[in-house]
Amino acid sequence: MKPITAVVIGAGDRGARAYAPYALDNPHEFRIVGVAEPNTERRRKFAEQFALTAQQQFDSWESLLGNERQAEVAIICTLDRMHIQPTLRALELGYHVLLEKPMSPVPAECVEMELAAKRHNRLLTICHVLRYTAFWSSLKREINRGAIGDIVSIQLNENVGNMHMSHSFVRGNWRNSDESSPMILQKSCHDLDILAYLMGEPCTRISSFGSLIHFHEGNRPEGAPLRCIEGCPAEHVCQYHAPRYYLGEGIGWARKITDDHTKEGIIKALWEGPYGKCVYQTDNNVVDHQVVNMEFSSGATATFSMCGFTHDNTRIVQVMGTRGDIRGNMEDDAFTIHDFVTKEMRVVHIHASAAGHGGGDADIVRSFIKEVRDFEAGMVTESKSSASVSVRSHLMAFAAEASRLDGGRSIDLQAYYDELAGAAVQPHVHEKHC
């Protein structure tokens, strides 16, 4: 069987390190035949790793997605606000598309991409990788087989971790919703998608509260300079001191702030880039904590809490049913089922991969390859995390943010979707290509 061929658009952390490496481990299944990446050094390293010729390297998605298709699949991992144009063009050319989440920070664009995939009869799969992990897949199987009866309510906590919060959402690429997307979409569309996945039914109403309570100028230590490396009087009592973190326990994260991984390269990045700034003096505006309340079509409810002030980086879940409940911590690779009738307690141990997102990064590519083959053979019409599925959980995030900004107003999800879908069917400039 011939390997499925793919091009990668955006060879940053997710494109180059999360999804493309599946081709290196499974060359009999998957082969990378092209890359579009504006950063010259990233493009060179990617091309070297995947043995790409000069003719297979492009400095823009426009040049790669020219007038003819070069592969069966396009993996699109550009910045959030750059997703729509290459996605629409790739679908138009006949590519099946694996698109990094979130689909777009603009609700109407998410719906537009969903409708475009249907119009061009192509797979558009969104990288909601948690659906593909052993932890959540196993938990879903227990629910489906009736281990706890009917779901009444779910509580899900996302412990972002204080250093992950400061790295990605205070100093990093997703610190400002005007440049990327709201926190509830960028970080937590995974979680809202998992809640929809576990429930197995539409969310009908949603409300939310949250704010930026800590990472702002009002909490800047007296005398703190703009950059930690300049010498801060609070250095020894601040957990966010950049040189101590990125040259110490956080040195693994330093590969995300510079392509020069020497200590000299890291120090240069702390002097010049956003990751060296005082966390109380950046242009961040996304929340550092948020809660979301949801009602589903059966009347079942869910609550979700995201917080950046935790020592760990994990997800903790409690699923409460009519005959039992399930409690689990993703970091423990296990969950516990309590049966109300027999009074028995059963612990389900998960064999989680050490790969990214508990194996979800690799498993979504493996699943996508099979779905592409099955689609071409007429055996499937959508993927496990298709755009049609993902748009609904994305809209949960958009509605939650709209509610938060409007004092916690309850929002009807179907009316919200219908309004966006009506706008998306109108002719759109993104479909035009010169």
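User: Is serine 188 buried or exposed in this predicted model?
Analyst: Buried means under 20% relative accessible area, exposed over 50%, partly exposed in between (1.4 Å probe, protein chains only). Serine 188 has 0% relative accessibility, so serine 188 counts as buried.

User: Which residues is serine 188 in contact with, leaving aside its neighbours within four places in sequence?
Analyst: Serine 188 lies in the loop between α9 (183–186) and α10 (189–199). Helices here are DSSP runs (H or I, at least four residues), numbered from the N terminus. Contact means heavy atoms within 4.5 Å. With those neighbours left aside, the partners of serine 188 are Glu158, Met183, Phe304 and Met306.

User: How are α5 and α6 oriented to each other, roughly parallel or roughly antiparallel?
Analyst: Helix α5 (residues 84–93) packs against helix α6 (residues 107–120) at about 10°, with axes 9 Å apart. Axes are lines fitted to C-alpha atoms over the stretch in contact, and angles run from 0 to 180 degrees between N-to-C directions. Angles under 35 degrees count as roughly parallel, over 145 as roughly antiparallel, 65 to 115 as roughly perpendicular and the rest as oblique. Therefore α5 and α6 are roughly parallel.

User: Which residues of α6 make the contact with α5?
Analyst: From α5 come Ile84, Thr87, Leu88, Leu91 and Glu92. Helix α6 supplies Glu109, Glu112, Met113, Ala116, Ala117 and His120.

User: How is the numbering done, and what pLDDT do local features need?
Analyst: Residues are numbered from 1 along each chain as its sequence is written, and side-chain values use heavy atoms, without hydrogens and water. Side-chain atom pairs count only at pLDDT 80 or more, totals for chains, interfaces and linings use all residues, and local features need pLDDT of at least 70.

Note on methods:
Helices (H or I, at least four residues) and strands (E, at least two) are DSSP runs, numbered from the N terminus.
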